[in-house]
Amino acid sequence: MSSKINRLRAERGKNDEKIAVLRARNNEIDKQITELENLDIVGMVRSMGMTPEQLAALIQASKTDASTLTGKEEDSHEND
């Protein structure tokens with residue numbers, strides 16, 4: 001085979017290795033971001049003095065409100 005082909009294949013292999021390292025680092029960064037976001041959320045909930053049960057009730061109520069609003073919006077568009 002041509003020496004140029006061998007050099008290009010070697011370069012390609014090195015690039016693949018670099019990409020794998022960068023992907024692994026991005027995955028680690030994503031995990032750290034998620035962890036920090038979760039800590040922020042917990043901090044906000046604690047600063048409000050909410051119990052886990054109260055938080056669950058608030059989230060459930062917001063889901064119900066959102067679905068009610070969505071239903072109302074659909075009804076108003078149907079009447080147009």
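**Figure 1. Accessible surface of the whole chain.** The accessible surface of the chain comes to about 7,400 Å², of which 56% belongs to carbon and sulfur atoms; areas come from the Shrake-Rupley method with a 1.4 Å probe, and for residues only the protein chains shown count as cover. This is a predicted model, in which local features need pLDDT of at least 70, side-chain atom pairs count only at pLDDT 80 or more, and totals for chains, interfaces and linings use all residues. Residues are numbered from 1 along each chain as its sequence is written, and side-chain values use heavy atoms, with hydrogens and water left out. Of the 80 residues in the chain, 1% are buried (under 20% relative accessible area; exposed is over 50%, partly exposed in between; 1.4 Å probe, protein chains only).

**Figure 2. Helix α1 and its two ends.** The chain holds two helices and zero strands (DSSP runs, H or I of at least four residues for helices and E of at least two for strands, numbered from the N terminus). Helix α1 has 45 residues and spans 66 Å from its first C-alpha to its last, close to the 66 Å expected at 1.5 Å a residue (1.5 Å times one less than the number of residues). At the start of α1, a side-chain oxygen of Ser2 reaches to within 3.1 Å of the backbone nitrogen of Lys4. Just after α1, Gly49 has a positive phi of about 70°.

**Figure 3. The salt bridge between Asp16 and Arg12.** One salt bridge is found in the whole structure (a side-chain nitrogen of Lys or Arg within 4 Å of a carboxyl oxygen of Asp or Glu). The side chains of Asp16 and Arg12 form this pair, at 3.7 Å from N to O. Both residues lie in helix α1 (residues 3–47), four residues and therefore about one helical turn apart. Asp16 is partly exposed at 38% relative accessibility, whereas Arg12 is exposed at 56%.

Notes. Polar contact = N/O pair within 3.5 Å; in protein donor to acceptor, adjacent residues only side chain to side chain.
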